[in-house]
Amino acid sequence: MSNTFQVDLRGIVDLLSHHLYASPRVYVRELLQNAVDAITATGEPAAGRIAITTGSDVLRVTDNGIGLTEAQVHELLATIGRSSKRDELGFARHEFLGQFGIGLLSCFLVADEIRVHTCRAGADPVLWTGYSDGRYEVRAGEPREPGTTVTLLPRRGSEHLLSPATARELADLYGSLLPVSVEVDGSRVSAEAVPWESGRAALFAYAEQVFGFVPFDIVELNVPEAGLTGAAFVLPTPVNPATRGGHRVYLKRMLLAESVEGLLPEWAFFARCVVDSTELRPTASREALYDDGLLSDTREAIADQLRGWLVRLAATDPRRLGRFLSIHHLGVKALALHDDEMLRIVEQWYPVQTNMGQVTLAEFRERHGLIRYATSADEFRQLAAVAAAQDVGLVNGGYVYDTEIIQRLATVDHEIRIERLEPADLATRFNGLDTETELRLRPFLAAAQRRLDRLGCEVVLRAFDPATLPALYLVSRSAAFHEELTASRDKADDVWGGVLDALATTAPVERPQLVLNHRNPLVRRITALVDPELAGLAVETLYGQALMLGHHPIRPADAALLNSSMLGLLDRAITEGDR
């Protein structure tokens with residue numbers, strides 16, 4: 001047995017009018033939309049007139065459009081969710097703004113009673129009265145010219161939304177680009193020229209007025225398949241990439257909303273747009289764009305136009321491109337991860353941090369033959385000075401997207417060689433000691449190794465530049481992995497601890513190295529100490545200093561060693577001073 005849904009009409013009206021729309025202010029937009037549709041239906045939109053009048057606690061919107069018959073009033077004003085009849089009656093054609101037949105319900109956000117007095121040429125006038133509790137009445141109206149007047153009687157607490165000042169503000173906001181005459185209390189709404197049809201100077205002024213900034217540049221937009229024209233304003237200051245930038249969108253010259261999302265790809269967060277479209281579809285609330293295939297194609301077309309602007313800038317004004325990249329490099333680098341043209345722009349024009357100064361990746365590659373890089377800022381800080389002293393160029397790949405861009409360069413162009421610089425690789429460039437010195441210092445090295453064995457560190461003596469650096473702590477990737485594994489094992493429960501133990505036994509362990517620099521005068525003096533305890537304390541202190549200078553994490557055992565060695569040296573110094 002089948003049953004029919006029971007519908008609470010009062011609840012439906014409340015749902016649609018109070019929860020479909022984000023703000024009650026949209027009621028003026030919906031009334032203007034209905035009036036423009038009625039005027040469009042006459043076939044003479046240029047002669048269309050819309051008059052908004054306020055006063056005596058009511059608001060009226062009158063148009064000289066086609067009007068409705070009594071049958072159409074029943075079908076269009078009292079039926080929710082039935083689109084077929086709207087199509088049959090001719091009110092869902094492409095050129096109309098409204099496609100849902102529920103816009104009048106937005107007026108229940110501000111009114112308890114809505115009166116629609118309408119007349120179609122050759123038909124009797126009709127007065128439809130709707131109430132917020134879901135009831136409506138239809139009766140004969142007073143004689144009038146063809147057209148429609150909508151009268152709103154405000155609900156308690158909403159009187160200010162129907163005031164002359166608010167009505168004027170909202171008519172200016174939503175209707176200033178409409179191709180029909182709009183008046184509020186006898187004063188015509190200032191009809192603005194379409195900004196992107198008025199030249200670049202007008203667009204700059206428009207951006208300052210509407211968005212509050214003077215744009216870095218303006219990119220004119222044109223997507224024929226969406227009937228879209230407009231402009232993208234490039235922001236003059238950095239913006240958080242996570243910020244969802246809203247855009248000012250018009251549909252058939254009626255303002256849809258001021259903060260529409262989804263019009264641009266995520267990487268284009270550096271632009272704000274104002275556009276008008278004849279083909280994009282709004283959502284039911286007319287406060288966002290319907291995310292369909294056409295919107296997706298439009299988004300990609302706009303992305304191509306922004307991409308083309310960047311390419312032209314690189315070819316015609318590299319200095320200006322450099323200024324843009326200094327402001328909005330994150331967006332361009334994000335695009336470069338997927339777009340080969342943008343990848344080349346980043347390589348050629350965006351300066352990266354290296355241990356030889358700020359240079360582009362193209363300049364770095366030309367100078368050094370290959371791109372050596374560190375994958376984190378900490379790793380770069382640990383190796384930069386020592387690598388520079390060995391005449392090894394190093395790029396800091398620790399900034400957002402930099403490592404990924406370097407790695408993608410090598411996949412796109414096989415002539416580009418890249419190499420992640422390992423601390424162990426750097427150690428191979430250090431000079432060993434001559435045989436006589438190495439034999440002489442072997443007892444010292446063995447004693448130093450015994451002091452640091454419990455910390456899992458290997459002590460070696462090498463000669464390297466800069467000579468001012470006494471010691472360097474080097475950790476290979478495998479050693480770093482093992483340290484992280486050990487730290488995680490100490491915090492894990494028995495089940496996960498067993499898994500981590502299994503991984504630890506299979507992973508090759510290469511111990512970190514404390515490389516003492518024999519070219520450093522202090523190190524040579526320490527190796528010459530005859531007091532083994534004092535030499536041990538000195539080695540432990542050098543170990544702690546190397547950890548801190550290299551921005552390595554300090555484990556509890558490291559902190560304890562550093563504390564005891566410093567206190568030991570102080571004790572020795574005070575003892576010597578008392579003698």
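Colleague: At what angle do the axes of helix α15 and helix α19 cross?
Modeller: This is a predicted model, where local features need pLDDT of at least 70, side-chain atom pairs count only at pLDDT 80 or more, and totals for chains, interfaces and linings use all residues. Residues are numbered from 1 along each chain as its sequence is written, and side-chain values use heavy atoms, leaving out hydrogens and water. Helices here are DSSP runs of H or I with at least four residues, and strands are runs of E with at least two, numbered from the N terminus. The axes (lines fitted to C-alpha atoms over the stretch in contact, with angles from 0 to 180 degrees between N-to-C directions) of α15 (residues 442–452) and α19 (residues 532–549) come within 9 Å and cross at roughly 60°.

Colleague: How are α15 and α19 placed relative to each other?
Modeller: Angles under 35 degrees count as roughly parallel, over 145 as roughly antiparallel, 65 to 115 as roughly perpendicular and the rest as oblique. With their axes crossing at roughly 60°, α15 and α19 are therefore oblique.

Colleague: Moving to helix α2, how many of its 14 residues are buried?
Modeller: This helix covers residues 27–40 and reaches 20 Å from first C-alpha to last, close to the 20 Å expected at 1.5 Å a residue (1.5 Å times one less than its number of residues). Buried means under 20% relative accessible area, exposed over 50%, and partly exposed in between (1.4 Å probe, protein chains only). Helix α2 is largely enclosed by the rest of the structure because its buried residues number 13.

Colleague: Which residues of α5 make the contact with α2?
Modeller: The axes of α2 and α5 (residues 164–175) come within 9 Å and cross at roughly 60°, and that makes α2 oblique to α5. From α2 come Tyr27, Val28, Arg29 and Leu32, and from α5 come Leu170, Ala171, Tyr174 and Gly175.

Colleague: Is Val182 buried or exposed?
Modeller: Val182 sits in strand β7 (residues 181–184). Apart from neighbours within four places in sequence, Val182 contacts Leu32, Ile50, Ser187, Arg188 and Val189. A relative accessible area of 3% makes Val182 buried.

Colleague: And what is the relative accessibility of Thr151?
Modeller: Thr151 belongs to strand β6 (residues 147–154). Not counting residues up to four places away in sequence, Thr151 touches Val58, Leu59, Arg60, Glu113, Ile114 and Arg115. Thr151 counts as buried because its relative accessibility is 8%.

Colleague: What is the phi of Asp185?
Modeller: Most residues other than glycine have a negative phi. Asp185 lies in the loop between β7 and β8 (187–188) and is partly exposed, at 38% relative accessible area. Although Asp185 is not a glycine, its phi is positive, at about 50°.

Colleague: Which residue does a cis peptide bond join to Asp465?
Modeller: Most peptide bonds are trans. In the loop between β19 (458–462) and β20 (471–474) lies Pro466. With omega about 0°, the cis bond joins Asp465 to Pro466.

Key:
Contact = heavy atoms within 4.5 Å.
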